[in-house]
Amino acid sequence: MKRILFIFLVLCILLGCHEGSLKQHLVEIDSIAYKEGDLKAHELLNDIEPEMLMSNEEDLAYFWLLKIRTEIRLQKEIKTVEPLEIPISYYKKHGDISKLARAYYYKGYILNQKNELPEAIVCLKVAEALVKDNPSEIVLAEYVYSTLSHVNYEGKEKRLAIEYGKKALKTAYKINQSYNIVNVLMMLYVVYNDGVHQDSAQYYLDKCIPLVDSLPENERYTFYANIGNAFVDSNVENAEDYLNRSVALTPNVIAYKGLAGIYYKRGEKAKAVEMWHKALQTDNLYLKAEIYQALYDSQQSAGDYVSASETAMRIAGIRDSIAQKEKSDNIRGLQEQFEESLSQSAARHRLYTTLVVVGMLLMLSMFAASYLFYRNTKGRKELRRTQVHLEQYRNELKVLEQEGKSDSKEVERLTQKISDLQVRQGALLQNGRERYEEVMSGGTTIRWKRSDFADCIEYYRTIDSTFITHMETSYRHLSSKYMFFALMEHLGKTDEELQRVMAIGQNTVRSIRSRIGSSKIE
């Protein structure tokens, strides 16, 4: 039995060490990616045996988060976003906002690369909401804004593309890394380069060009292609140089499109057609329609109407596809729906918070009211007891005086008790005395609270207990305010004086008098 227990303990220790060491290993790989590069991190991740990940949900989530990130950075083809559901599910459940934001961003980025714009938008908007007010995730925020700018540009939502582009640029300048800045500058140039906002486009291009060579060489080709296309109409030699440098790094359709334009202007039509056909190897329908349009114009110019007719049919088909895609994608609508859902969620949260606060205030008010009622009731009960004792001691004192015992110790004792009770009674009736003296000296009850009327009645009880007792026993359920009205009449106040003291009209005077009369016990 002892041996079995020992083996069990050893296994627990080993498993605990294994889990702890794997988690630490993943943290180290995360750090290595920044220090030694993603290629090294990717190698280390591939060395981890799948069996090592199966026993711990947290390790599995972290592994896939790092794995997808390195593959995105290394520009590897990612066939599916399915593995990202593991970290999304785990970090959502455990409230790790930073890692959850990263997972949603990677998913949105991949879906955008696959041209699945509606799904990409949803993921990117979730990521945006998660990083929006998180200063520690400023780098991720810049990537999210940049990608949203690109998605909106692809979806022909120019206003939103510019809005997110400017957010990205502002964030990139805060990070102060030329890599981030040059990417956003080029994005804004592309968005503005529509033939209408050329001044803005040129502004961002001029800022971008000096920074391009700070990029890793394998990432410069798209920049060279865009710069080359920008110079096609103004500086052909410069344009051709940039476009050839782009193709030399990585053959790409944007550079081929620019080269086709240069060759066509030179009269090298065969080379232009060759470049256009190379440029047509793209899934971008907008770019494809633009290239076919250039090809159609050249065919028309050459009198090749048969080919031009075929190209025109292709253009029409592509434009139909674009129209259907824009309708089904509904990029703007999706974002508006997401923002609306966020607003509704925020409104629900504010309503919930308001209801909680109001509920707490109501509870506190009820508690305070209950406490005040208890305190006032207790005070009045104590006052009544004091008055009863005073009456008792005064009666006893009268009896002793009638018996001629004015100098006895009993008289002295009773006198002292009466004095002590009067002091206590005075403290309890302080507010009532002040209110009574206030109205008797010409004041009004306009600022009085309900308790002030009650305190005034209790104070008057010490002056004329017979009247107050009569009102309590001869009338049914009179409020302290009605009792005060009766007291003022008892003290000889006229209707005009009652109106002034209680800040009421003549009709109210008659109404109160009638109600008091109707409550009299027959």
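Reply: Two residues are in contact if they have heavy atoms within 4.5 Å of each other.

Me: Thanks. Which residues does R69 touch, then, not counting residues up to four places away in sequence?
Reply: R69 touches D30, A33, Y34, R102 and Y106. Please keep in mind that this is a predicted model, in which local features need pLDDT of at least 70 and side-chain atom pairs count only at pLDDT 80 or more, while totals for chains, interfaces and linings use all residues. Residues are numbered from 1 along each chain as its sequence is written, and side-chain values use heavy atoms, with hydrogens and water left out.

Me: Where does R69 lie, and is R69 buried or exposed?
Reply: R69 belongs to helix α4. With a relative accessible area of 2%, R69 is buried (buried is under 20%, exposed is over 50%, and partly exposed is in between, using a 1.4 Å probe and protein chains only). Helices here are DSSP runs of H or I with at least four residues, strands are runs of E with at least two, and both are numbered from the N terminus.

Me: What about T70, buried or exposed?
Reply: T70 is found in helix α4 and is buried, at 1% relative accessible area. Beyond its neighbours within four places in sequence, T70 is in contact with D38, A41, H42 and L45.

Me: How do α4 and α6 sit against each other?
Reply: Helix α4 covers residues 57-73 and helix α6 covers residues 97-113; their axes come within 10 Å and cross at roughly 40 degrees. An axis is a line fitted to C-alpha atoms, for helices over the stretch in contact, and the angle, from 0 to 180 degrees, is taken between N-to-C directions. The two helices α4 and α6 are therefore oblique to each other: angles under 35 degrees count as roughly parallel, over 145 as roughly antiparallel, 65 to 115 as roughly perpendicular, and the rest as oblique. Their crossing is left-handed, a term for a near helix turned anticlockwise from the far one by less than a right angle, whereas clockwise would be right-handed.

Me: Which residues of α4 and α6 meet?
Reply: On the α4 side they are Y62, L65, I68, R69 and I72, and they meet K99, R102, A103, Y106, Y109 and I110 in α6. This contact is made up of 8 nonpolar, no polar and 3 charged residues (nonpolar: Ala, Val, Leu, Ile, Met, Phe, Trp, Tyr, Cys and Pro; charged: Asp, Glu, Lys and Arg; polar: the others, Gly among them).

Me: And α14 with α16, at what angle do they pack?
Reply: The angle is about 15 degrees, with the axes of α14 (residues 253-266) and α16 (residues 285-302) 11 Å apart. That makes α14 roughly parallel to α16. The crossing of α14 and α16 is left-handed. From α14, V253, K257 and Y264 meet L287, E290, I291, D297, S298 and S301 of α16. This contact has 4 nonpolar, 2 polar and 3 charged residues.

Me: Changing topic: where is A127, and what does A127 contact?
Reply: A127 is in helix α7, residues 117-131, and it is buried, with a relative accessible area of 0%. Its contacts, leaving aside neighbours within four places in sequence, are A101, Y104, Y105 and V144. Y104 is 23 residues away along the chain, yet the C-alpha atoms of A127 and Y104 are separated by 5.5 Å.
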